[in-house]
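Dear colleague,

Please find below the structure that I am handing over to you. My notes on what was found in it follow directly after.

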Amino acid sequence: MTITATTLEGTRTNLNDADVESLRRSLRGELVVAGETQYEEARRVWNGNVDRRPALIVRCLGAADVQQAVNFARLFGLLVSVRGGGHSAPGYGTNDGGLVIDLSLMKGIRVDPDARTVSAQGGVLWRDLDHETQAFGLATTGGTVSNTGIVGLTLGGGLGWLMGKHGLSVDNVISADVVTADGQFRKASATDNPDLFWALRGGGGNFGVVTSLEYRLHPVTQVLGGMVIYPLDQARDLLRFYRDFGGTLPDEAEAYAALLTAPEGMPVAALILGYNGPIAEGEKVLAPARRFGKPVADVVGPMPYAARQRMLDEPNAIHGLQRYWRSAFTEQISDGLIDVMVEGASRFSSPMSALLFFHLHGAATRVSPTATAFAPRRAQWDFDAIGQWADGAESATHIAWVRALWTKLEPHLQGSAYVNHLAADDRPEKVRASFGENYGRLRALKAAYDPKNLFRVNANIAP
Ligand SMILES: Cc1cc2nc3c(=O)[nH]c(=O)nc-3n(C[C@H](O)[C@H](O)[C@H](O)COP(=O)(O)OP(=O)(O)OC[C@H]3O[C@@H](n4cnc5c(N)ncnc54)[C@H](O)[C@@H]3O)c2cc1C
């Protein structure tokens, strides 16, 4: 049987049966092609709105399988996607007609409790990593939900509940094992391939397939976490309070803000609060946010760190939801931005949609912008307009809602974004601006490690 596949240039090529079977035999994992029993399940990614049909899915079990897949893709000039946790909202973990290097079966994790380090393979999700590290009362900065992949999230920077105190996920990476576009296995650390190590920490999936990451761990057990919820008619005052409150917070505290829909169906405003330190101290630091205005609910309290990591998983981050997402940084929350947000939230097209601020502060902002490839090292907010819905037949309506609102929001925001939150239809200038002052060096390293741009299904840095 001849398989027709998509090339890097977007043309079609025929792969002969003998070559495909030879790839299959070279693997410890499995090759899944269209028509095979596992294909429908294997082609799915987290975003249900991404419905693509790759020609070949290589389900790797180790670095040797990854090398085989990279070599096959390079030899036949195939379009390549790399998938870890599958959470990319634009669907970068898959493609139409090309080859997917799927690491989701690579789940190995080894904690060294004495050295306070953990090594974890490319298919590990944050909830898997937290499970193993929390057994020793340890953690490293992950995201704000537990089912994203550790590698995709880390390569873009890694914004999460511990970033004020312990820095971004990239700030905790000690080393990476990488298969580069030439099929070579390389270790990247401060002493091995230091330029590659620099580029991986913020440069996204541009530089190779990361088969394993080693992180520094910190003692983290009980934390304070939860939400305070207000009616939408208090949202303007609340967001004005929030922009000032953010500037007063110590590294241990986290405060994000959101406009969303309550389970009862009405739009509300919420402060999502946390404290990574002594609980009594956290109660004092967060008290002004809990005393503000007239909340309809206050569910902030002590909880194990792993519970906090899962707190927003349901219903916001369950597998198969449909999502379209626009994002940008802002150093100011202007009255104009607040007005557009509140007006937008009063007309959510779906009760699962949300407008959200993540706050970058503390340790995450004290690293030099050029020390790692993650350039936006300033106290600021990552702002997200998230359209989310369950029924694929409604996609056009909800995508149009986000796009229309975004045209009103955008003038109040910067022309750059967190690399992991860029949309597939963001302008190339915005993608470039998001790598900031590091773009030139990243581009030169891309030319050295991936001159043909084999890894291009991502926030791409063209060589
Ligand atoms: C519900 C939700 C919540 C999120 N919350 C946060 C958050 O709190 N903080 C935050 O920082 N981000 C967050 N994100 C964004 C997230 O960081 C990105 O979507 C990230 O790409 C997900 O990684 P993944 O491995 O799950 O994705 P995948 O779809 O598997 O991969 C996405 C891209 O990452 C790269 N990649 C993945 N694995 C590898 C690998 N092994 N080697 C090389 N490249 C690889 C590739 O370019 C790939 O195309 C969230 C996303 C969603 C959908």
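In these notes, a residue is near a molecule or strand if one of its heavy atoms lies within 4 Å of it. The model is predicted: local features need pLDDT of at least 70, side-chain atom pairs count only at pLDDT 80 or more, and totals for chains, interfaces and linings use all residues. Residues are numbered from 1 along each chain as its sequence is written, and side-chain values use heavy atoms, with hydrogens and water left out.

**The ligand and its surroundings**

The ligand is surrounded by 35 residues, and the closest are Gly 84, Gly 86, Thr 144, Leu 159 and Tyr 418. By class, this shell has 16 nonpolar, 17 polar and two charged residues. Here Ala, Val, Leu, Ile, Met, Phe, Trp, Tyr, Cys and Pro count as nonpolar, Asp, Glu, Lys and Arg as charged, and the others, Gly among them, as polar.

Helices (H or I, at least four residues) and strands (E, at least two) are DSSP runs, numbered from the N terminus. At least two residues of the shell come from each of β5 (80-83), α5 (150-156), β12 (209-216) and β19 (322-330). Helix α5 gives the largest share, four residues.

A polar contact is a pair of N or O atoms within 3.5 Å; within protein, one must be able to donate a hydrogen and the other to accept it, and residues adjacent in sequence count only if both atoms are side-chain atoms. A polar backbone atom of Gly 86 is 2.6 Å from an oxygen atom of the ligand. For a backbone N or O atom of Val 82, the distance to a ligand oxygen is 3.3 Å. Taken alone, the ligand exposes 930 Å², and the protein buries 97% of that; accessible areas come from the Shrake-Rupley method with a 1.4 Å probe, and for residues only the protein chains shown count as cover.

**Aromatic rings**

The structure holds 15 aromatic pairs. Rings of Phe, Tyr and Trp (its six-membered ring) pair if their centres lie within 6.5 Å; planes under 30 degrees apart count as stacked, over 60 as edge-to-face and the rest as tilted. Phe 72 and Phe 76 form a tilted pair, 4.7 Å centre to centre with 45 degrees between the planes. Because these two residues are four apart in helix α3 (residues 63-76), about one helical turn separates Phe 72 from Phe 76.

Buried means under 20% relative accessible area, exposed over 50%, and partly exposed in between (1.4 Å probe, protein chains only). Phe 72 is buried at 7%, whereas Phe 76 is partly exposed at 25%. Elsewhere, ring pairs link Tyr 242, Phe 357, Trp 381, Phe 383 and Trp 406 into a cluster.

**Asp 426 and its contacts**

Asp 426 lies in the loop between α12 (395-409) and α13 (428-434), and Asp 426 is buried, with a relative accessible area of 8%. A polar atom of its side chain lies 2.7 Å from the backbone nitrogen of Ala 423. The side chain of Asp 426 also makes a polar contact with the side chain of Lys 430, at 3.2 Å.

**Backbone details**

The peptide bond from Glu 314 to Pro 315 is cis, with omega near 0 degrees. Pro 315 is in the loop between α10 (305-310) and β19. Arg 116 is not a glycine, although its phi is positive, at about 55 degrees.

With kind regards
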